[in-house]
Amino acid sequence: MEVGYVWSFIYALITAIFIRWIIKRVIILVKLPPGPWGLPLVGYLPWITKDAYKSFIDIAKLHGGLFSVNLGSETVVILNDWKSVKATLIDQPKVFSGRKYLKLTEATIQNNDVAWSEGNVWQIQRKLTLKCLTNIGLVNKSMESHIVDLVQEVTEKLTRYNNKEVPMESMFFSSILQTNWKFVSVDPIDNNKLREYEDAIKELFKRFHPDNPLLIFEWLRFIPPNGFGYKAILKASQVVTNTLRETINSHLNEWKDGDVNDFIDYYIAEIKKRQVSGQKNEKPFTIDNLLGSVFDMFTAGVDTINSTCLWAFLFLTYNPDIQRKAQQELDAVVGRLRMPNLYDFTNLPYIEAIIMEVHRKASLAPLAVPHRTMEDAKVFGYTIPKGTTCYPNIYAIHNDSTLWDKPEEFNPARFLDNNNKVVWPSYLIPFSVGPRACLGKHLAQMELKIIIASLLHKFNFKCPIGSENSSFAIENGLTLHPQPYSLLIQLRND
């Protein structure tokens, strides 16, 4: 009889706890922004296409620009219009500065990088990384010579295809990788491993797309034989981190106080400075955090610039009038006897507008890197609880007809005022926005300006015969790539 009372008490206690959890959950859901209902365990995933950013646009038509949706068992909030992004990432930057914890990022880089860390460590590491970048001249024009070398290499590749079709997928990546490496380390990269590095970086970006089941149901990593791609991610990550760690160790072994020549040297100098003053090497003043910062530069920086270049020349090829107008501006400002440089860009507004329109039309990182609330947040009368994952839908903002006239068209002129001056609207956010905006945006813009201007100055890009109409098909990943394509290349003689 007493045993029966005990079990009755246990059942009652479990029931009470469950009911209390249900009540708390309902209260949270009621306060959250509205959104569609889903199914148990999988949430709304059955209705989310591989182009999740487009599915979110459809949901927003019913629930507004700020809505919640269940992805698996997790309730996330989608910032689907500029008003919602501004009210969160800009107006409440500290609250929305967190990052979603993922087993994948923990397994690859232990969240020691700038992109996936958060809190005080992230703030200090971001400032430290920016300081080191500034010390090597990465945020000014002194790094231009390295980018010119990149352009020269790509130009030589393209020249070999004069009056022939060229597979554009193979044109940029290795050259950009070698150039970005020069910012990281003065030690030369192993050219024999360039293809291995390229495959590894592409594998990482392919696997980290937002609707990857492995990012939603992390227990899938235990499923044989490959853990739904988990082992492939670890292998690709190790290819990159092993090389970076070897390079960092080489810098440490050859370290001489005051002899600093690259990003790694400057970061090590900051670590040594703390050691001399008797301070502990706490995060982010550690070799692991240095590895994390370099990992971001080596992977994200290369992939995004490569993809943007691929989109740029695809758009320009299928908009020949825009390509010709850009070349006319280059001829008028630069002439035909030399190549363009960064100083020319004060007089090249149309070229700059083209790059901005490529950013908008490609929307390379459509859902950016997910944010996480560091505390309860109030937005438009709704409560977004602490720890909630939030996705800014950059693709939706860049294709919002209330912000852009005919957003489906490729039209650089939208960024020029009546005086032919470039105007960058606040809602053009290819590098995201707020304190978590991409650290490498200055380098990216420098490289894109010189690459795109130089190649337009040197070549005509035309559609291959029989391919006059492009579908602009997309390969999904953490960033959006155009599917591999070829163009007809001709040296300009006009």
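The model is predicted. Helices α6 and α7 cross at roughly 165 degrees. The count of aromatic pairs comes to 17. Cis peptide bonds include one between Pro224 and Pro225, and residues with a positive phi include Leu41.

**Helix contact: α6 and α7**

- Helix α6 spans residues 144-159 and helix α7 spans residues 173-184. Their axes come within 9 Å and cross at roughly 165 degrees.
- That angle makes α6 roughly antiparallel to α7, because angles over 145 degrees count as roughly antiparallel.
- The crossing of the two helices is right-handed.
- From α6, the contact uses His146, Ile147, Asp149, Leu150, Glu153, Val154 and Lys157. From α7, it uses Ser174, Ser175, Ile176, Gln178, Thr179, Lys182 and Phe183.
- By type, the contact residues of α6 and α7 are 5 nonpolar, 5 polar and 4 charged.

**Aromatic pairs**

- A pair of aromatic rings is described by the distance of the centres and the angle of the planes.
- The model has 17 aromatic pairs. In one of them, the ring centres of Tyr44 and Trp47 lie 5.0 Å apart. Their planes are at 25 degrees, so this pair is stacked.
- Tyr44 is buried, at 16% relative accessible area. Trp47 is partly exposed, at 44%.
- Phe263 and Tyr267 form a tilted pair, with ring centres 6.1 Å apart and planes at 50 degrees.
- Both residues sit in helix α11 (residues 263-276), 4 residues apart. They are therefore separated by about one helical turn.
- Phe263 is buried, with a relative accessible area of 0%. Tyr267 is also buried, at 0%.
- Ring pairs also link Trp311, Phe315, Tyr318, Phe410 and Phe472 into a cluster.

**Backbone geometry**

- Most residues other than glycine have a negative phi, and most peptide bonds are trans.
- The bond joining Pro224 and Pro225 is cis, with omega about 0 degrees. Pro225 lies in the loop between α9 (213-216) and α10 (230-253).
- The bond joining Lys283 and Pro284 is cis, with omega about 5 degrees. Pro284 lies in the loop between α11 and α12 (287-317).
- Leu41 is not a glycine, yet has a positive phi of about 75 degrees. Leu41 lies in the loop between α1 (2-31) and α2 (52-63), and is exposed at 70% relative accessibility.
- Asn111 is not a glycine either, and has a positive phi of about 55 degrees. Asn111 lies in the loop between α4 (103-109) and α5 (119-135), and is buried at 16% relative accessibility.

Definitions and conventions
Residues are numbered from 1 along each chain as its sequence is written. This is a predicted model: local features need pLDDT of at least 70, side-chain atom pairs count only at pLDDT 80 or more; totals for chains, interfaces and linings use all residues. Side-chain values use heavy atoms; hydrogens and water are left out. Axes are lines fitted to C-alpha atoms, for helices over the stretch in contact, and angles run from 0 to 180 degrees between N-to-C directions. Angles under 35 degrees count as roughly parallel, over 145 as roughly antiparallel, 65 to 115 as roughly perpendicular and the rest as oblique. A crossing is left-handed if the near helix is turned anticlockwise from the far one by less than a right angle, and right-handed if clockwise. Contact means heavy atoms within 4.5 Å. Ala, Val, Leu, Ile, Met, Phe, Trp, Tyr, Cys and Pro count as nonpolar, Asp, Glu, Lys and Arg as charged, and the others, Gly among them, as polar. Rings of Phe, Tyr and Trp (its six-membered ring) pair if their centres lie within 6.5 Å; planes under 30 degrees apart count as stacked, over 60 as edge-to-face and the rest as tilted. Buried means under 20% relative accessible area, exposed over 50%, partly exposed in between (1.4 Å probe, protein chains only).
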